[in-house]
Amino acid sequence: MPRGAPAIRGFAPRRARYNRSMHRSSPRGSPLPSFRLIGGALLFWGAFALISAIVLYYHLPLVGRPSVPLPALLVYTAIENAYWALVTLPVLLVVRRLPPFGRHALRHVAALCVVGVAVHAGAAWTMHVCSSLRHGPQSTLLARFLNSAAYDLALYAGIVAAGAAHLGWTTARAREREALTLRAELARAELEVLRMQLQPHFLFNALNSISELVHLDPERADRAVARLGDLLRLSLRHSGRSEVSVAEELEFLAHYVDLQQLRVSAGIHFAIDAAADTHGLAIPSLILQPLVENALRHGVRGRERGRIDVRLRRDGARLAITVEDDGAGAPPDPPEGMGLTNARTRLAALYGDGQSIRCANRAGGGYSVELSLPARPAPATA
């Protein structure tokens, strides 16, 4: 390692394509009822038949009608509710096809009313046939149709209401998932734009630095070009990744510091101290380099001696990062450069309110930038 290279304690350098998937959902494109829904419907109507039989068993004597054995009542209510269990799923499919809300709500409600009359007619005919087979003709089909209209239509309305509520819930969930997907896509796109903004900025600065050495020290300029090539290879390896491991980020930073060490005064000392338990944690790609560049440019450049320290520590569920220099500090309310502004935007996009970045003059002189991120494992590399 060249003279003045960074002293990195606890770190040894080591040498995706995103496929968008849009799942758009609409009431017309909703899936068929699941087996869970089918089982729920059968269970509901079975329980309803049992409760109806028990209610009739105790209710008939109270209204002066002859009592009927409970098993016979169970057969009667089972037949009636078996019909409703059979028509429940077709009705739910009709509700999914013609939801009673949205742009064509009135037309769909009218169609559902027609379906309701047909379902009621089927229920009246079913019970008329069953009653005639068991007791002989007791009333006309028309009389049964009219007498049971309120009860049957109330049951039908309940099925429609339940289907509409379930459809509205699933549609809202699908739209929420789609919104989250779009939001994640937008965040990835913004992060990629920020990365593309950083890379040319860094490259131009590095080339300008090398151009200063070409005439002063060709040998050092040649070594600087080699370091720049290493940096570009690492940058390509990180391409398309919003987060990398701390170890990978420190490897990139080590090459960057080597490059800077070739062109700044030997009196400028870089120290990178990363605790061993931070190496496998996630960190935004290329987040440290612009912070170190700011410290070099605004803190110690132009001085014969200076120091830049980078520290990474894990504090429970947080990753604490500090980049500080021993320069003159910053004036009150200094304007932020592209490096800090870019870092703030990327951290907000990646972690939301789960991050913080604080900049302040140090008590003993110099400037400090402190980052606090969630301590989570680094994503697997492609």
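Modeller: In this predicted model, the count of aromatic pairs comes to six. One of them joins Trp45 and Trp84, whose ring centres are 6.2 Å apart with 25 degrees between the planes. Planes under 30 degrees apart count as stacked, and the Trp45–Trp84 pair is stacked. Trp45 belongs to helix H1 (residues 35–62) and Trp84 to helix H2 (residues 70–97), so this pair ties together parts that are 39 residues apart in sequence.

Both Trp45 and Trp84 are buried. For Trp84 the relative accessibility is 1%, and the cut-off for buried is under 20%, so Trp84 counts as buried. Trp84 also pairs with Tyr83: the ring centres lie 5.7 Å apart and the planes stand at 80 degrees, so this pair is edge-to-face. The limit for that class is over 60 degrees. Tyr83 has a relative accessible area of 15% and is buried as well. Taken as a group, Phe44, Trp45, Phe48, Tyr83 and Trp84 make up one aromatic cluster.

As for the background, the protein chain contains nine helices and eight strands. Of its 382 residues, 40% are buried. The chain exposes about 21,400 Å², and 62% of that area is supplied by carbon and sulfur atoms.

Two other elements can be described in terms of burial. Strand S3 (residues 268–274) has six of its seven residues buried, so the rest of the structure largely encloses this strand. S3 pairs with strand S5 (residues 306–315) in the parallel sense, over seven bridges. Within that pairing, Ala271 has Asp309 in S5 as its bridge partner.

Helix H8 (residues 288–300) is mostly covered, with ten of its 13 residues buried. Among the buried residues of H8 are Leu288, Leu291, Val292, Leu296 and Val300, and the list also includes Gln289 and Glu293. The length of H8 can be checked too: at 1.5 Å a residue, its 13 residues should span 18 Å, and the end C-alpha atoms are 17 Å apart, which agrees.

Note on methods:
Residues are numbered from 1 along each chain as its sequence is written. This is a predicted model: local features need pLDDT of at least 70, side-chain atom pairs count only at pLDDT 80 or more; totals for chains, interfaces and linings use all residues. Side-chain values use heavy atoms; hydrogens and water are left out. Helices (H or I, at least four residues) and strands (E, at least two) are DSSP runs, numbered from the N terminus. Buried means under 20% relative accessible area, exposed over 50%, partly exposed in between (1.4 Å probe, protein chains only). Accessible areas come from the Shrake-Rupley method with a 1.4 Å probe; for residues, only the protein chains shown count as cover. Rings of Phe, Tyr and Trp (its six-membered ring) pair if their centres lie within 6.5 Å; planes under 30 degrees apart count as stacked, over 60 as edge-to-face and the rest as tilted. Two strands pair if DSSP finds at least two bridges between them. The expected span of a helix is 1.5 Å times one less than its number of residues.
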